[in-house]
Structures are given as structure tokens and as C-alpha cells.
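Good morning, and thank you for joining. I would ask you to keep the sequence and the structure in view while I speak.

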2 protein chains.
Amino acid sequence: MTRIAHLDEIRAVVDPAAVIDAVERGFVWYSQGKVDVPPVGLLHFDDPPGDVHIKYGRIIGDGVYVVKIASGFYENPDRGLPAGDGSMLLYDARTGELLAIMLDRGWLTEVRTGAAGAVAARHLAPRRPGRIGVIGAGSQARFQVRALAHVTECREVLVWGRRRDRLEAYRDELAPEGWRVEITEDIEEVPAVCRLIVTVTPSEEPLLFADQIRPGTHITAVGSDNLGKQELDPMILAEADGVVADSIAQCTHHGECAAAVRGGLLDPARILELGRVAADPALRRGSDEEVTVADLTGVAVQDIQVAKMAWAALGSS
Amino acid sequence: MTRIAHLDEIRAVVDPAAVIDAVERGFVWYSQGKVDVPPVGLLHFDDPPGDVHIKYGRIIGDGVYVVKIASGFYENPDRGLPAGDGSMLLYDARTGELLAIMLDRGWLTEVRTGAAGAVAARHLAPRRPGRIGVIGAGSQARFQVRALAHVTECREVLVWGRRRDRLEAYRDELAPEGWRVEITEDIEEVPAVCRLIVTVTPSEEPLLFADQIRPGTHITAVGSDNLGKQELDPMILAEADGVVADSIAQCTHHGECAAAVRGGLLDPARILELGRVAADPALRRGSDEEVTVADLTGVAVQDIQVAKMAWAALGSS
């Protein structure tokens, strides 16, 4: 019998802090070649504009496989609906039986994406970041900061966005959770005072530039999940001491790395995969003066890991 | 709110006869380039052996899109489970909202595959087939014959298989539905007396050969749904007066056509697409002496059409 779980039940049992460790293990296995994740399935819509991603696969030897179907329909907010939606299906890898349908409305994706940011910061962020800089004030910009609470003691956030009302909403939502949030509409302030920066926008043009980045800064770029998107000046990657990708294959196709590699500014051989960095302390940040960049495009192994965790938690709840 | 429908409800409201017309319209649109069906997603398992197919897409302009996830785990019958399973998800193409989950256990796939055989026979089978020959005695071999009831008056079936117990079970199941079923373990009998033949096996080697095929015969090959599978001697296609494919792209990759094209025995330009044949009476069987072959590998547009029909029927039930 297929277990059908709705968002409320899932949110009640899944511990986002535990997801960070599960996602980290997933990245390690992915970089060791122990994960079968075929190319992402894509459907594109023009009118109204939308994208559907199908991410699926399994960890070799696991008893289950996972299929995630996620969508972004960008005019939904005008209709009073969230832009993003999604669900995950978890199957028995010995029989094909559909064990569970997680109707999580995209929440598990938000959590696993935040978790990836925390994994990157755990191994790459400077010990004393000053403040956490957040470029973008949308939903995932909240999940990124919440996940960082588990890997840094810093509770000071400076958030940049184009709309003051959205910045105020961001601040008002995070303040009760123990964050001291300042808002700015001047993006240059962020690299000037923050040495742990997360970019979380759908931008198609660079927002941060190399000459703004101070020594000792780590940047995690989360927004470039598709062709055409870009948040960082490729010179930042060219000059960085370390460039890390969740998936070298994906990031050289459509992430921040892609723009830098195509422009001849980044030798692909210089890119390290996050799962390798997580497994090998020698590959982590070397000094408080290094500049590092993590390019996160989202890998199905994150979905597999978070779906397994939800399935286990639902079973014992 | 997502509608979750189980097999019993779906079977109670979906009329397989109506699916034939819906699938035919789908093929016509597909051949007119009005359907967006990206490459099939695949996951393969070795231990135990299994395959998962993700077929998805939408008809341009439709208000919905469909994702089907189907599996075959070939040792399941040893565990008392059916080898095939599957479900279909139907979404709002304007918002990404998940409208319905059809937990049909693969039944809709069986029906839509049978319907494709009926579409092929409607336009290509001789008017008087003598008997319907069926190569294979599994589940889909039943659905093929049931669908043919809507496009031919013939009710005589000769079924071949390797195991007498399965042949008898086949006969005993179809006889009460109005079919006169004879069984044989001698495959040569089938082309000798039948001029409408359906091959429905997972064979990886030809089962029927060119010198066995009499003038006026139509063969629908359903089994070659994946690389390595083959049911017909490529010379049958080489010598046929008409070769029709549900999808030229798919059939020249892994259907019966693929083997004939690779062997230099079939000019790909000779292959007609089923949707073109259905739309143009001039492309149908020309005389009672022609030999025709339909190569059906299964196209996502069939899943889209049957899922839409189930969704509409569930809504009004």
C-alpha cells in the first residue's frame, strides 16, 4: 500500500539539521561514483512561463529509488499561488513498488537545497565571517540562512534585494528565529562587510564583481539552476583560491562555472567536487585569507537523501 | 487538492474503446509535431533485474501535462507480484499544480498499448484476416486482442506460446469474452492461417520469418520496447509493402525497424508514421494482397491521452 504523505506531516517529522548530514553523505557517494543519476528531465512552457524538472536516481545498493517532479511557474504569485511546487516518489528498488508519495509542495527541495549550502559553508566558510550576506530575499534565501545556523555561530545577516517590502518581510520573518537582520538596497555593502555570502536569485547577469570581494570571503551561489542564469562575475571564479561544484558535470554545463569555463577564465581541472571536499579535510579552506566559491546547481542525490529521511521519519512517527 | 485514484476506480470509469480514438488523435498530433515528448527517462537495475521508464510530455496548447513512471521487475512473479507496475501524474500546465495521481498499477499502460495495436489494425489489417494470430500469451497479449474487438469483426484467435499452461490460461480467460481461441506450440501455424498477427513477447531473437508470411498479412509488433529486443526477421520489413512506426525516431533507435535499418535492409525513408497513416486514407493498406508491418515502441502521447481520459472520467463519475 502506497503511503501518501502531505506537507504538514512531512514538516512535522523531518529535521532540517539532520538533512545536512544526509545530504553531505549523498555528495560524498556521488563524487565516489556510487550514485546513478541520469540526466534531468525537462519540460518548458511559454504561456504562461514555467519549467518542470524531473530528477531521479538511486544510490547503488540502496533498497529504494526516488523520482522528484518539481515545477516553477513564475506568474503563480499573481494568482496567489507559490511559484514553486513539487513532490517526491519513493520506490522499492527490488520490486518497483511505489512505497510513498511525498506531497511536500516543494518543501523538501527547499530543505535539501538549504542543506547543500550548509555543507559548502561547513567546509569552505571562514571561521569568523563577520556577517552572513544574502543576495536575494525569496523563499530559498530563508532556507539558506536557517541551514547555516547549524554550521556557523554567526547570527548577523545583511540581506540585499531590489524591493524594500520584500526585504522587510524577510527581516520580520527571520528576526523571531534569533537572527539579527539588516537590510540594504545597495549591493556593494554586502561584500564590504560579509565574508560568507550566499547568492539566491534567478539573475541572468552577474550581481557581484571580482573587485568587490575581500580576502577570506566564501561565496555560495545557489541561483544558477538552469541555462542562462548567472549571479557571479566569472572573474570571481578566475581569481578564487578554490572553486567547488556540487556536480562538475552539471556546473560546467549551466552553473557559474559554465560561464567562466566558456570564457576561458577557469580551467575545468581546477574545479573540485563538493563530495570530495567533504570527504577530505586537506581540500577544505586552507587559510583565513583565501577566497572560495561553491557553485550549487542541485543534484538528484540530494532529493534521494531527503526523501529517504522523510520516509524513515514518517514510518516511525 | 490532488485527486488520488486507485485502480478499481479507474477501471470502473475508463472505456477502453474510447481510448482507441483518443490514442489515434494523439498519434496524429504527434506526427504533426504538436506534441512535446522529451527523451524517455531510464533507470536500470541488475540485482534483481528491473527497468524503470519515465515517459512525460504534453500536447501543445493542452491545459495539462502528464508524467508516467512505469517499472518492470522480472523476478516479481516469483514473489507473487506482477512484473509490471506504474502510475500516472497529471498536472495543470498553467500552474504546475498536481491535479491527479492515477495509481493504476500499469493498467492504463496496458490499455493504451492495446489501443495502439487497434489503431494500427484499423488502418492496416486486411478486411478478412481469417484468424487473429497472437505470438505470446502474457498480459498485453490479452489487451491487444480485446482492443482488436473494436476494429475487426473477426473473433477467431490462434495463440502461440512456449508453455502449454499459460496458453490454456489465455484461452480460458478470453473464451468467456466471446473469443474462439485455439492454442498452438508450433509457431509456423500462426502465419499459415492468420492474416492479422500481433507479436507480444520480450524476445531478443526473431520469431517470425519472411518466407512464412503470406500475401495480405498485417503484423503488429509490440514487444520491442527497448534496445536488444526483436521479434521479426528484418527481411519481413525489407519485403513488406508498407512499414509503419508509432514514432520513426524511436523505432529506428530500438524497434523492429532499427534492426532492419542497421542491417541495410530498410531505407528509413520508406517508414511511415502511424499518425500520418491515420490522418490520410491514401496511406492505408492499398489491396488485400499487400504485406504490412506496424512497429510499436510506445510513445508518451499515448500516456498523455489515456491519463486525460481517465481524469475526465473520474471528474464526472
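The contact between the two chains takes 34 residues from chain A and 34 residues from chain B. Please bear in mind that this is a predicted model. Which elements give two or more residues to the side of chain A that touches chain B? They are strands E3 (41–46), E4 (49–59), E5 (64–73), E6 (84–92) and E7 (98–103) of chain A. The largest share comes from E4(A), with six residues. Sorted by class, this side of chain A holds 19 nonpolar, nine polar and six charged residues.

I turn to the relation between the copies. Chain A is superposed on chain B by a rotation of 180° with 0.0 Å of shift along the axis, at an RMSD of 0.0 Å. The two copies are therefore related as by a two-fold rotation axis. Within chain A, the residue that comes closest to this axis is Gly41(A), whose C-alpha lies at 3.5 Å. Both copies use the same surface, in that 100% of the contact residues of chain A recur in chain B.

Next, the sheet in chain B. Eight strands form an open sheet with parallel pairing, in the order E10-E9-E8-E11-E12-E15-E13-E14. Strands E10 (180–184) and E14 (271–273) of chain B stand at the edges with a single partner strand each, so one side of each has no neighbour in the sheet. On average, and with direction ignored, neighbouring strands are turned by 20° against each other.

Inside this sheet, E12 (residues 218–221) and E15 (residues 292–295) of chain B run parallel and are joined by four bridges. Ala221(B) stands opposite Asp295(B) of E15(B). Helix H3 (residues 107–124) of chain B packs on the sheet, where it touches E11 (194–199), E12, E13 (242–245) and E15 of chain B. The direction of H3 makes about 160° with that of E12(B). Helix H4 (residues 139–148) of chain B lies across E8 (131–135), E9 (156–160) and E11 of chain B, at about 160° to E8(B).

Finally, the corresponding helix pair in chain A.

Terms used: Residues are numbered from 1 along each chain as its sequence is written. Chains are lettered from A and ligands numbered from 1 in the order in which they are written. This is a predicted model: local features need pLDDT of at least 70, side-chain atom pairs count only at pLDDT 80 or more; totals for chains, interfaces and linings use all residues. Two strands pair if DSSP finds at least two bridges between them. Axes are lines fitted to C-alpha atoms, for helices over the stretch in contact, and angles run from 0 to 180 degrees between N-to-C directions. Two residues are in contact if their C-beta atoms, placed from the backbone, lie within 7 Å. Copies are superposed by least squares on the C-alpha atoms of residues with pLDDT of at least 70 in both. Ala, Val, Leu, Ile, Met, Phe, Trp, Tyr, Cys and Pro count as nonpolar, Asp, Glu, Lys and Arg as charged, and the others, Gly among them, as polar.
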